[in-house]
Amino acid sequence: MRILNLAESINAAYCNEEWLENYDSERHRKRNLDLILEARTSVLILTGELDPAFYEREMFLYVLRTKLNEGISFEAVFHKGANTKEQAKKELLIQNPSLITTLQDQRGFSSFDFYWAPRRPRIHYTIIDDNSIFLEYPHLPKEQRHVLIAHNPYLAKHYRDEYNKFKENEGLVKIEWI
């Protein structure tokens, strides 16, 4: 698999990795939350739909509140199947009301930036402090997926660079809330 080959090629000797091959949505969600809880400075999320099955869960919202109170910054790129920024914002409000309410209650919009991607990102991941990554093997919406969890700054930096290229080349649009 390309993701594993990439992990092996980017200083794998420095990589503490875990490969979640058999799809178990609860275990995947818990491991992603565990990583976010480790954040000391930043969390970057590149996703497709900001799936309510994860981002509307009370456990995620608790972790979000905790990390916002610690001063951690968040950035999320999502698509939502929308054709316009306005449609994406509307879908976000409809499908993720608890997430939006939590951010409003925490005054978290100053620490949580949303960007709409006109095209659904092919690869989804969460980068923690540019040191760790929760990397999903490419999949369609609601499809089972394999996940690589790596505590590897070289791999995280590679995907941060890929994110920056995506942000430059794909016309991401910041969603303004205030």
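**From a helix residue to the core**

User: In this predicted model, Leu68 is found in helix 4 (residues 58–69). Is Leu68 buried or exposed, and at what relative accessible area?

Analyst: A residue counts as buried when its relative accessible area is under 20%. Leu68 falls under that cut-off and is therefore buried, its relative accessible area being 10%.

User: Which residues is Leu68 in contact with, leaving aside neighbours within four places in sequence, and what separates the C-alpha atoms of Leu68 and Gly108?

Analyst: With those neighbours left aside, Leu68 is in contact with Phe74, Leu103, Gln106, Gly108 and Ser111. Gly108 lies 40 residues from Leu68 along the chain, yet their C-alpha atoms are separated by 6.6 Å.

User: Why is strand 3 (residues 73–78) described as largely enclosed, and which residue of strand 4 is the bridge partner of Phe74?

Analyst: Five of the six residues of strand 3 are buried, so the rest of the structure largely encloses this strand. Strand 3 pairs in the parallel sense with strand 2 (residues 42–46) over five bridges, and five bridges also join strand 3 to strand 4 (residues 112–116), again running parallel. Within strand 4, the bridge partner of Phe74 is Phe112.

User: Which residues touch the most other members of the largest nonpolar core, and which helix gives the most to this core?

Analyst: The largest nonpolar core has 34 residues, and those touching the most other members are Phe60 and Phe114. With five residues, the element that gives the most to this core is helix 4.

Notes
Residues numbered from 1 in each chain as written. Predicted model: local features only at pLDDT ≥ 70, side-chain atom pairs only at ≥ 80, totals over all residues. Heavy atoms only, no water. Helix = DSSP H or I, 4+ residues; strand = E, 2+ residues; numbered from the N terminus. Buried < 20%, exposed > 50% of the residue type's maximum accessible area, 1.4 Å probe, protein only. Contact = heavy atoms within 4.5 Å. Pairing = 2+ DSSP bridges. Core = buried A, V, L, I, M, F, W, Y, C linked by side-chain atoms within 4.5 Å.
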